[in-house]
Amino acid sequence: MKRLLSAVFFICTLGSTLAQDKIDGGLTVDIVSNYIWRGQHLGDVSIQPELWVGWKGLSLSAWGSVGLSNNKDPREIDLTLSYETGGLSLGIVDYWNDERDSRYFYYRKDGTGHSFEGFASYDFGPVKASWQTFFAGDDYKTASDKRAWSSYFEVAAPFRLLTCHWDATAGLVPWASDYYATSGFSVTNLSLRATKDIKISNSFSLPLFAQVVANPASQDFYFVAGLTLKAF
């Protein structure tokens, strides 16, 4: 009996290890009525694809945004490298858009469209807290032309209500930042988002979402709706 239990334990442990060793990934496309990021309006109706792969806690993703209703909206491509263990997640993001310069491989201070951000987050279960700081690229103080170290802190709480998945989020900028258009400590993002999977067939469902976003610092308020297409 002991040998049987040991064998079962070994098989379960091996299966768990092999499952963790598998390469995971996904491809999704969001279509949104407005592109709102951390309480800022960055575009009108947009299509936003994302491709990612993960292995043993490491993940690499590419996310983009292209305006559909306004050809003046900048194109954006974000690359993220992150590592997750337990509830802790650490990573680096390369944000790029063509608002200043259309050359992707241009990194000089006088016109680069890249901004590099480091982040750390921890999922406590009921809430998830995260901190992000720009450390390189296009993030300078207009007055002194010195690096601004623009930062953002956010707390998000997911919950279930009325057959929907909800996310309540509060975000703030701790000090002055031209990147976030703030002159000091500012609450820039208060949002509530609801997502509902609409079943189309036994093998396909369509996630629909709606979100209200308030930015007390800029006195702006947005209502966003969208849908998500999942390839895998």
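These legends walk through several close-up views of one predicted protein model. Because the model is predicted, local features need pLDDT of at least 70 and side-chain atom pairs count only at pLDDT 80 or more, while totals for chains, interfaces and linings use all residues. Residues are numbered from 1 along each chain as its sequence is written, and side-chain values use heavy atoms, with hydrogens and water left out.

**View 1. How confident is the predictor?**
Let's start with pLDDT, which is the predictor's confidence in each residue, from 0 to 100. The protein's mean pLDDT is 91, and 91% of its residues reach 70 or more. Over residues 1-19, though, the pLDDT is below 50. Beyond near neighbours in sequence, that stretch has zero contacts in the model (a contact means heavy atoms within 4.5 Å).

Strands here are DSSP runs (E, at least two residues), numbered from the N terminus; helices would be H or I runs of at least four residues. Two strands pair if DSSP finds at least two bridges between them. Strand β7 (residues 88-97) pairs with strand β8 (residues 114-123) in the antiparallel sense, over nine bridges. Look for leucine 88, which stands opposite tyrosine 122 in β8. On to the next pairing: β8 and strand β9 (residues 128-137) are also antiparallel, over nine bridges. Here glutamate 117 has phenylalanine 134 in β9 as its bridge partner. The hairpin of β8 and β9 has four residues between the strands, and in it glycine 125 takes a positive phi near 105°.

Buried or exposed? For that we use relative accessible area: buried is under 20%, exposed is over 50%, and partly exposed is in between (1.4 Å probe, protein chains only). Leucine 162 counts as exposed because its relative accessibility is 67%. Aspartate 145 counts as partly exposed, at 43%.

Side chains of opposite charge can pair when their charged atoms come close. A salt bridge is a side-chain nitrogen of Lys or Arg within 4 Å of a carboxyl oxygen of Asp or Glu, and by this rule the count comes to five salt bridges. One of them joins arginine 75 and aspartate 98, with the closest N and O atoms 3.1 Å apart. Arginine 75 is in the loop between β5 (58-67) and β6 (76-85) and aspartate 98 in the loop between β7 and β8, so this pair links distant parts of the chain, 23 residues apart. Arginine 75 is partly exposed at 37%, and aspartate 98 is partly exposed at 23%.
Another joins arginine 100 and aspartate 138, at 2.8 Å between the closest N and O atoms. Arginine 100 lies in the loop between β7 and β8 and aspartate 138 in the loop between β9 and β10, so the pair ties together parts 38 residues apart in sequence.

**View 2. Aspartate 101 and arginine 103.**
The side chains of aspartate 101 and arginine 103 meet in a salt bridge, 2.8 Å from N to O. Which of the two is buried? Aspartate 101 is, because its relative accessible area is 13%, while arginine 103 is partly exposed at 45%.

**View 3. Threonine 182 in its loop.**
Threonine 182 belongs to the loop between β11 and β12 (186-201). With 9% relative accessibility, threonine 182 counts as buried. A polar atom of its side chain lies 3.5 Å from the backbone oxygen of tryptophan 175. Not counting residues up to four places away in sequence, threonine 182 touches Val173, Trp175, Ala176, Ser177 and Thr188.

View 4. Rings of Phe, Tyr and Trp (its six-membered ring) pair if their centres lie within 6.5 Å; planes under 30 degrees apart count as stacked, over 60 as edge-to-face and the rest as tilted. The structure holds 14 aromatic pairs. One of them is stacked: tyrosine 152 and tyrosine 180, 6.0 Å centre to centre with 25° between the planes. Both of these tyrosines are buried. Trp37, Tyr95, Phe134, Tyr152, Tyr179 and Tyr180 form one aromatic cluster.

Note on methods: A polar contact is a pair of N or O atoms within 3.5 Å; within protein, one must be able to donate a hydrogen and the other to accept it, and residues adjacent in sequence count only if both atoms are side-chain atoms.
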